[in-house]
Amino acid sequence: MPLVPKSRLSRFGGWLPSSVVLGSYIKCHTDRAAERYARYRAGHPDIPKGVPLSSCAEGPHVPSVQAFADAINADPVMRGLFDKIFLQVSPLNQVPNFDRLLFMLDGVVIQPPSYHIATYPDGEEIGEPIGVPIYLIFDILSNTSAAHDLFRMDQFNVAMKQLLDSWGTYLADPNPPAPLPPSNSSLNDGPEGWFSPTALKSLETNLGDLTFDETYDCPDPDAVNRGFATWDAFFTRNFSSDKLRPIIDSGGNTFIYNACESTVYRKAENVQLHDQFWLKAQKYSLHDMLDGHAYAEQFVGGTVYQAFLSPSDYHRWHSPVNGTVVDTFVVPGTYYAVLPDSGAEADDPNLKPGDPHGGLIRSQGWLTVAAARAVIFIQADDPIGLMCFMGVGMCEVSTCQLSVKEGDPVKIGQELGMFHFGGSSNTLIFRPSIKITWAEGVEKDRHRWINSVLGLVTAL
């Protein structure tokens, strides 16, 4: 596989669009939310300002958002923390308050993600994918101490999961009830469609010399929407052939292969059972990552490899080794919580120093102990031995679906599971009894194809 050169957007991998597109997208939703809020207020002049808009036959919100609003408003602690968020948030924030946030969510969960077109001050148009729209609304809000407290609360994440599950059900429904548009309605070749010439170019960024149609299994390649009946079908699309991501046989069990189509985030050695994951360095803490599983102790002193997927990447997981699955489970967790920080660092390729956007991306090490995640232990053939794959759901990715169970034999490149809608991260964890010599190009901010060789293993 040829090296993929670092690009201007490599570190955020499609999670954060350019500042022009991001600002335009948020303004578009805040303006529409303001209009909906004004119409509702005009129709209900008897409701005092500052009073939570409670559920009623006429709204004010779509059912899933109303349920989320009711859960927050019914809990004084959660509502109080939300109010503090808007006092603490950066002046760059465009969302004025909690009520307006709810009206923004109304506009998101009734349609599939789409491409967004913005205009530079000189009139030039720029378009970029908006694969994780709710994340973009919560992004700058999450980088506050109040959000750190609120977004880690079990009650908050239960309410958020219900909202995301409802949206996810719609995105997987080929026949959603009226007046909802088809969940594949953004799979078109219009200016804000995922198959417009500009959008296709972004989808094909990491596909080498092949096009989208040549790379993926499209049910109807001649149709504008490529035959994908739902947004979820498009998001979880499979490759058209195993030959597109070939497996180089080591002749023994000495290679580790990439489990996800992803961009390298970090490699860490001598990881500990307990460590200070909440500090800036975000050290890996095995006990917390693996939810206290007994196998965690076997990895003390070992190696962790982490990489993240962009919203436009292939979102299925493949086995990085030959072996047998010895345990699997899913750990519930947070969706939008981050480690608050002082903003982008001086070497950030996209943001100005101190810009508070992108806190979730900068918190990826911490998310391995906080976010919803799927854990798969595999007893690999020697010399690798016991290893672990962990799929970390980030923000909208509220579903980590397992395709294997305890006792299943697995081969390199075999599907282990998948993420549903959004973006995500993954880690591979190895015991200290092996040495890994990393392959060329396995370095931070490099995009790596699934099934490609990550490293050579030798026994110690």
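Partly exposed means a relative accessible area between the buried limit, under 20%, and the exposed limit, over 50%. Keep those cut-offs in mind as you tour this predicted model.

Stop 1: Select aspartate 149. Its relative accessible area is 39%, so aspartate 149 is partly exposed. The model has 10 salt bridges by the rule used here.

**Stop 2: Arg316 and Glu415.** Select both residues. They form a salt bridge, with the closest N and O atoms 2.9 Å apart. This pair links distant parts of the chain: arginine 316 sits in strand S6, glutamate 415 in strand S12, 99 residues apart. Is each one buried or partly exposed? Arginine 316 is buried because its relative accessible area is 14%. Glutamate 415 is at 23%, so glutamate 415 counts as partly exposed.

**Stop 3: Asp341 and Arg362.** Here the closest N and O atoms of the salt bridge are 2.7 Å apart. Aspartate 341 lies in the loop between strand S7 and helix H12, and arginine 362 is in helix H12. Aspartate 341, at 31%, is partly exposed. Arginine 362, at 17%, counts as buried.

**Stop 4: Ser196.** Go to the loop between helix H7 and helix H8 and select serine 196. Serine 196 counts as buried because its relative accessibility is 4%. What does its side chain reach? The side chain of serine 196 reaches the backbone oxygen of glycine 193, at 3.3 Å. Next, show Asn188, Asp189, Gly190 and Pro191, which serine 196 touches.

Terms used: Residues are numbered from 1 along each chain as its sequence is written. This is a predicted model: local features need pLDDT of at least 70, side-chain atom pairs count only at pLDDT 80 or more; totals for chains, interfaces and linings use all residues. Side-chain values use heavy atoms; hydrogens and water are left out. Helices (H or I, at least four residues) and strands (E, at least two) are DSSP runs, numbered from the N terminus. Buried means under 20% relative accessible area, exposed over 50%, partly exposed in between (1.4 Å probe, protein chains only). A polar contact is a pair of N or O atoms within 3.5 Å; within protein, one must be able to donate a hydrogen and the other to accept it, and residues adjacent in sequence count only if both atoms are side-chain atoms. Contact means heavy atoms within 4.5 Å. A salt bridge is a side-chain nitrogen of Lys or Arg within 4 Å of a carboxyl oxygen of Asp or Glu. Lists of a residue's contacts leave out its neighbours within four places in sequence.
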